[in-house]
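Student: I would like to learn how to read side-chain contacts in a model. Where do we start?

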Amino acid sequence: MPRFGHRRRLRVGLLGGSFNPAHEGHRHVAEQAARWLRLDQVWLLVSPGNPLKPEAGMAPFAERLASARRIADGRRVLASGVEADLGTRYTVDTMRRLTRLFPRVKFVWIMGADILDELPRWRRWTDIAGRLPFAVLPRPNYNARALAGQAAHRLRAGRRRPREALLLPGAAPGWVFLPVRENPVSATAIRRAAAEGIVP
């Protein structure tokens, strides 16, 4: 679990996912979010088991955590298995534990447009949005649908302009859609290529 010796309040982005496997697209999202939000760190929160994803085709947790560590730099981008350490399975529970453990950290949640689209399926998703600000980054084929979807509509009063993004960490509720370059890499495509014996 990350530890801090700083007196000032650090700005930390949380990028959760299965990381099955972690890839350059995840690193792109972390770096873009860090730049726009002026984050001190981004934590790659590797889920022990996503309740919304089937177990079939899911690599073991240790393997997925190792893949996240390979794209992290150990300083500004950190791979973390904190959900396994805490015994939490749902984001709402992880969020509560982290904010209690690190009361001086200004957290912001980072997600792709695909996650914004599926957010209403998450347990107590409005509680998450009310307690943790978030930044949404573009994903191919999801942006228009996500921005017209249930979550964006329900949370429309809290949407901020991109130029206000740096104000978000520690300032819930609120969210922003960042106009950054899309990265087309996906874990699904990587797994499919591996199954077909295609070496990139």
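Tutor: Start with the polar contact: a pair of N or O atoms within 3.5 Å; within protein, one must be able to donate a hydrogen and the other to accept it, and residues adjacent in sequence count only if both atoms are side-chain atoms. This is a predicted model, where local features need pLDDT of at least 70, side-chain atom pairs count only at pLDDT 80 or more, and totals for chains, interfaces and linings use all residues. Residues are numbered from 1 along each chain as its sequence is written, and side-chain values use heavy atoms, leaving out hydrogens and water.

Student: With which side chain does Thr 94 make a polar contact?

Tutor: With that of Glu 83, at 2.6 Å. Thr 94 sits in helix H4 (residues 91–101); helices are DSSP runs of H or I, at least four residues, numbered from the N terminus.

Student: Is Thr 94 buried or exposed?

Tutor: Buried means under 20% relative accessible area, exposed over 50%, partly exposed in between (1.4 Å probe, protein chains only). Thr 94 has 3% relative accessibility, so it counts as buried.

Student: How many salt bridges does the structure hold?

Tutor: Side chains of opposite charge can pair when their charged atoms come close. The cut-off: a side-chain nitrogen of Lys or Arg within 4 Å of a carboxyl oxygen of Asp or Glu. The structure holds six. One of them joins Arg 96 and Asp 127 (4.0 Å, N to O). Arg 96 lies in helix H4 and Asp 127 in helix H6 (residues 125–131), so the pair ties together parts 31 residues apart in sequence.

Student: Which other residue pairs with Asp 127?

Tutor: Arg 124 forms a salt bridge with Asp 127, with the closest N and O atoms 2.7 Å apart. Arg 124 is partly exposed, at 46%.

Notes: Helices (H or I, at least four residues) and strands (E, at least two) are DSSP runs, numbered from the N terminus.
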